[in-house]
Amino acid sequence: MASTSNILELPLVAPIGSGTGKTSIRSIPVLGLGTAAFPFVDPQTFKEAIVNAIQVGYRHFDTAAAYLTEHSLGEAISEAISLGLIRSRDELFVTSKLWLTDAHSHLVLPAIHNTLKNLGLEYLDLYLIHWPLSLKPGSYDFPLNKDHILPMEFKGVWEAMEECLKLGLTKSIGVSNFSCKKIETLLATAKIPPSVNQVEMNPVWQQKKLREFCERKGIVITAYSPLGGKGTPWGTNAVMECEVLKQIADIKGKTVAQVCLRWAYEQGVSVVVKSFNKERIKQTVDIFGWELNPDELEKMDQIPQKRGNPGWEFIADQGPFKSLEELWDGEI
């Protein structure tokens, strides 16, 4: 396992830029720790997990308004600084996301200000549009009230995201759960292109078409649910119980999780993992210093593909997407 002294020197994925023409270009850490939990984790357990992750060497933390973890993450960051684990917030890469109720042009700025207030931070490193649709403002029901689903006005919402960037409230802006076609729609009017597209990606849902498209457009992919999203309402055991992955893990003397994360790293993407278990947090770091050979990669390439997070909750007869085909534009 990599020691805590050199984790800061681990490889980073491709640089992401502000898109403003300025020189504020930085890299997004390969490994990020996600903070979504279903059911919700108590704040103390959550904070201890974040502080432990920082101690192990994590420097990228992924949250969202919808996760209700921004406040606890901010407290954990403050505690890590007070403990001397990091010198300042500037050593971290913090991502948050615009929720659908605020995905309206006039609500984006208030939303990021609220996120920063929750986190106790002056800026984000990356702010993402969570999904390519909107909800009626103020409707925070879970599960979603499908009568409240609205089409997103991409041009106006993205202009507001660009304003967040220009005001220094975030270093970079991007999207999440966007198909190739929806990115094309956004790019048609965007003055600043998205730096990142955060999407579900793992050996059972490899996203080849989307990855190739984003690479051509200079957009970095961040993979969520790299282990299948077990524990989420839509999570699957298909990744962790895949026989091909188990066989490769046995040969390598690694866990299935480590094989999945190493595979993602070799695809040139950043990865957001989720665990509040101290030992598993340490294990995820051990994906460097070894590699998958061509035969193993070929076997993984042949794994039958299936999306784990279909997004059924966003399908509605009166909404913008009346089928999964329309939501994902055929990328299903």
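Helices (H or I, at least four residues) are DSSP runs, numbered from the N terminus.

## Basis of the model

This is a predicted model, in which local features need pLDDT of at least 70 and side-chain atom pairs count only at pLDDT 80 or more, while totals for chains, interfaces and linings use all residues. Residues are numbered from 1 along each chain as its sequence is written, and side-chain values use heavy atoms, with hydrogens and water left out.

## Lysine 47 in helix α1

Helix α1 spans residues 43–56 and contains K47. K47 counts as buried because its relative accessibility is 16%; buried means under 20% relative accessible area, with a 1.4 Å probe and protein chains only. Beyond its neighbours within four places in sequence, K47 is in contact (heavy atoms within 4.5 Å) with S72, E75 and A76.

## Nonpolar cores

A nonpolar core is a set of buried Ala, Val, Leu, Ile, Met, Phe, Trp, Tyr and Cys residues joined through side-chain atoms within 4.5 Å. The largest has 77 residues, and Y58, F61, L98, I129 and L245 have the most contacts inside it. A second, separate core of 16 residues includes A66, L100, L135 and A316.

## Packing of α7 and α8

Helix α7 (residues 243–252) packs with helix α8 (residues 256–266) at an angle of about 100°, and their axes lie 8 Å apart. Axes are lines fitted to C-alpha atoms, for helices over the stretch in contact, and angles run from 0 to 180 degrees between N-to-C directions. The angle therefore makes α7 roughly perpendicular to α8, a term covering 65 to 115 degrees.

From α7, L245, K246, I248 and A249 meet V256, V259 and C260 of α8.

Methods
Buried < 20%, exposed > 50% of the residue type's maximum accessible area, 1.4 Å probe, protein only. Helix = DSSP H or I, 4+ residues; strand = E, 2+ residues; numbered from the N terminus. Parallel < 35°, antiparallel > 145°, perpendicular 65-115°, else oblique.
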